[in-house]
Amino acid sequence: MARPVSLRFKDPDVAERLRSEASSHGRSTSALAEELLDEGLRTRRHPLIAFRDGAAGRRAVLAGGPDVWEVIAGLVGGDAQVDDRIDRAVELFALTRAHVMAALAYYADFAEEIDGEITANDRAAQDAEAQWRRQRDLLAR
């Protein structure tokens, strides 16, 4: 259920930039404002997290680094001890331990979102492999 909130901007340029940005992306001002506020609140709570557009939509990333889901996919699960998995992620992604821990902290707050991105990536990889196999089989005729 939508909850209306009234905002007043001290700086009229901010409101105009918001309207202009929303218009240039074919979105409503309210939808863009909600997205920006949500991302801003998440970033305030998780300062090493940023957001980036891509083919799969907008997603959480480590500032200057990979997508959070990529780090989590390489970090969660397996039979190695937790500290060993963290060390492996630090080495694999060439990140600091603080960055890996930031991805993990974000995941703790938004696990459903990150799990969905991991699942979507797995599905896309399976689809791409199936396509490759079909093409290979056709060439083998």
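A: Two strands pair if DSSP finds at least two bridges between them, strands being DSSP runs (E, at least two residues) numbered from the N terminus. This is a predicted model, where local features need pLDDT of at least 70 and side-chain atom pairs 80 or more, while totals for chains, interfaces and linings use all residues. Residues are numbered from 1 along each chain as its sequence is written, and side-chain values use heavy atoms, without hydrogens and water.

Q: In what sense do strand 1 and strand 2 pair?

A: Strand 1 (49-52) and strand 2 (residues 59-62) run antiparallel over four bridges. I49 sits opposite L62 of strand 2. Six residues lie between the strands of this hairpin, where G57 has a positive phi near 105°.

Q: Which residues of helix 2 are buried, then?

A: Helices are DSSP runs too (H or I, at least four residues). In helix 2, L32, A33, E39 and R42 are buried. Their cover includes helix 1 (12-24), strand 1, helix 5 (97-109) and helix 6.

Q: At what angle do helix 3 and helix 6 pack?

A: Axes are lines fitted to C-alpha atoms over the stretch in contact, and angles run from 0 to 180 degrees between N-to-C directions. Helix 3 (residues 68-75) meets helix 6 (residues 111-139) at about 80°, with axes 9 Å apart. The two are therefore roughly perpendicular, a term for angles of 65 to 115 degrees. Contact (heavy atoms within 4.5 Å) involves V68, W69, I72 and A73 of helix 3 and I114, E117, I118 and N121 of helix 6.

How values were computed: Angles under 35 degrees count as roughly parallel, over 145 as roughly antiparallel, 65 to 115 as roughly perpendicular and the rest as oblique. Buried means under 20% relative accessible area, exposed over 50%, partly exposed in between (1.4 Å probe, protein chains only).
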